[in-house]
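These notebook entries record what I looked up in the structure. I kept to charged side-chain pairs and backbone angles.

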Amino acid sequence: MPPANADLETTWRFLEEGVDHIMTKLQTGVSYSKYMSLYTVSYNYCTSSRMHGSPEAGVHTGRTGANLMGSDLYNKLTKYLIQHLKTVREGAENIVDEALLQYYAKEWDRYTTGANYINRLFTYLNRHWVKREKDEGRKGVYTVYTLALVQWKQNFFNHIHNKNEKLAVAVLRLIEKQRNGENIDQTLVKKVVDSFVSLGLDESDTNKQSLDVYKDHFESPFIAATELYYKNESESFLAENSVSDYLKRAEERLKEEEDRVERYLNTVTRKTLITKCEHVLIREHSETMWEEFQKLLDFDKDEDLQRMYALLSRIPEGLEPLRKKFEEHVKRAGLSAVEKLVGGGDSDVDQKAYVDALLEVHKKNSETVNRSFRGEAGFVASLDKACREFVNRNAATGSSSSKSPELLAKHADALLRKSNKVAEEVDLEDALNQVMVLFKYIEDKDVFQNFYSTKLSKRLIHGVSASDEAEASMISKLKEACGFEYTNKLQRMFTDMSLSKDLTDQFKEKMTLSHPEDTDLAFSVMVLGTNFWPLSAPPINFVIPKEILPTYNRFQQYYQQKHSGRKLTWLWNYSKNELRTNYANQKYIFMTSAYQMAVLVQYNDYDTLTLDELVAYTGISQDILKQVLGILVKARVLLHDTDGDPYDLNPTYKSKKIKVNLNQAIKAEVKAESTEVLKNVDEDRKYAIQATIVRIMKARKTMKNTPLIQEVVSQISSRFTPKIPDIKKAIDTLLEKEYMERVDGTRDTFAYVA
């Protein structure tokens, strides 16, 4: 080991031998004493106060010790590295491809390991001379390890890379082999690629890493090669295979590239690589995929649909054409299902079959959205739009917007009756949930509300509800969907039923005390609020039979005493009775309507009666009475041959049942019900539009005609779709009633009148 005051040449001879051993023969080992000797010599030289043999030299310059001695050592080390790399470079001259990569990786490992050791040997140089030089802004001065990388880049990497980029080309060929299905040494690729990253140095701050070398010398040619490879592969693959097979292939290839980044590329490449692959594999062939989409839908190819969705969702606007095609597909399916049901053009369809057909289309396509399109909001919107279209406008509805809500309300009525075919309560709850699925798509919800209200009133009056729980559940669902106001009247019906039961019980108690002789006549009454029940009295002067007249008068008197000022309107068309027969061999109980009862009790006084006599005795209009008599004749309770002949009581009447139900709906009433409901809907709409206009004008004070109409449509469309002429009519009505006025000097601006 040289003495502490040895000159540069002596010092460097000793250091060079050690450095060369570390850089070329490290695998044979370095003893601790040897390593420490090298470190000490380096330290001694850097801390020597001599400079070119003159102890005073440092005084004149102000830079002594390590400040100047370090420069000589740094230059010697640089020259050594250049010479060493020349030898390394010569070994790479005549090799290419994988052999070149193996040589490069082996030398890189040896070189960087050695450089790490040398960096620690020259710690004092790094800590003092290099730091001082950098602090003073000198360029091209690095710590020893960074210096080694700079020299590698300048004297080895650039030389072999500049020869037709043979290093990058060798890596790309290996990657192409892997893409073609061959096994490659991935560790080798990773080492070479990582070296590209390590050689990136930020000149302004050598502590920072720059990816310029990696991006310029590897990433750019890699992305270009990737684009070319997949462009050729995708085109040739599609020419020879189906679109379904291509979807699988594209999915596999994208996954492979994701894995490639994880295995041996820098993560910064991921976005550029995947974006390029998506462009070549998906966007370039998106038209082909869009065209194939309908076929996949028609044949329920779920897996392929999932793949197509997953692929096209990766590119901007890739899904929009699918959403449009899906919407049309669902719409066609819905219209076709109803057309099959309607058949030959008769728009009268069974409500259950109609609802089931619509639900089947919705269910199937809803499952497709959730399973194949992951419940994506755009496809949900397409499904909803298509369903709204075919639910409201189809072969069964024709031009009527009220047909679908009517059929749905009738289906709900059938479910909620005791006679329904749904066995379990759980099944009934599911069936009601399915009603709500379609209800969501109904545009004229007020039509449904009116029909539902009418049907509910019949169920409650006739006591044929499946259960109070089911009724309450359905009202709760409607309330949740449309708000309190929508179900207010429905809930009030149940309140009236409860109050009526109490009223009947109180009346019976009083009658038991005051008229015990009439206890064999069972009587119950329902007093229903006019504002909440969609019921109206028929335009006939019904003659109350003498058999029930005393009870009728007593209740009238009792109610007036209890609620003075209230008026009772008796709805005989909804009343029902039970009559006991005393004339036949067998005693029967006839369950009848009030009209049938009024006819039959006439035969307590007469054996035979003409149509005109029955009209006179009952007060029932002739057209309704004929239908009432028709049911009694058909049941063989009355005998009648031809028009003009009288109606006779059948003394030999026989029936297998003791309790005979004669109370059947007459056609005139069924037809009138639909007409009445639609008439009420029109009336309600008129007032709803007026109320909405007043509410808007009260808030805005002044408003132009067009924005006002738009605002009315916006606010009211959740219940029904208002017609523009109806809104204009309502505006004219409110102008007449002075709720609002035209602003002076304008034709189309209105002001609210407080």
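I looked up the accessibility of Lys686 and found it partly exposed at 43% relative accessibility; I use buried for under 20% relative accessible area, exposed for over 50% and partly exposed for values in between, with a 1.4 Å probe and protein chains only. Glu683, at 33% relative accessibility, also counts as partly exposed. I noted that Glu683 and Lys686 both belong to helix α27 (residues 667-700) and sit three residues apart, about one turn of the helix. Helices here are DSSP runs of H or I with at least four residues, strands are E runs of at least two, and both are numbered from the N terminus.

Next I recorded a network in which salt bridges with shared partners join Glu258, Glu262, Arg270, Glu278 and Arg314. A salt bridge requires a side-chain nitrogen of Lys or Arg within 4 Å of a carboxyl oxygen of Asp or Glu. The side chains of Glu683 and Lys686 form such a bridge, at 3.6 Å from N to O.

I note the basis of these entries: the model is predicted, local features need pLDDT of at least 70, side-chain atom pairs count only at pLDDT 80 or more, and totals for chains, interfaces and linings use all residues. Residues are numbered from 1 along each chain as its sequence is written, and side-chain values use heavy atoms, with hydrogens and water left out.

I then searched the whole structure and found 46 salt bridges. One of them pairs the side chains of Arg173 and Asp97 at 2.7 Å, N to O. This pair links distant parts of the chain, with Arg173 in helix α8 (residues 166-179) and Asp97 in helix α5 (residues 97-121), 76 residues apart. Arg173 is partly exposed at 46% relative accessibility, and Asp97 is partly exposed at 28%.

I also looked up Arg132 and Glu136, whose side chains meet in a salt bridge at 2.7 Å, N to O. The relative accessible area is 34% for Arg132, which is partly exposed, and 47% for Glu136, likewise partly exposed.

Finally, I checked backbone angles. Most residues other than glycine have a negative phi. Glu317, not a glycine, has a positive phi of about 60°. I placed Glu317 in the loop between α14 (302-312) and α15 (320-342), where Glu317 is exposed with a relative accessible area of 62%. Arg374, also not a glycine, has a positive phi of about 55°. Arg374 lies in the loop between α16 (351-372) and α17 (377-392) and is exposed at 60% relative accessible area.
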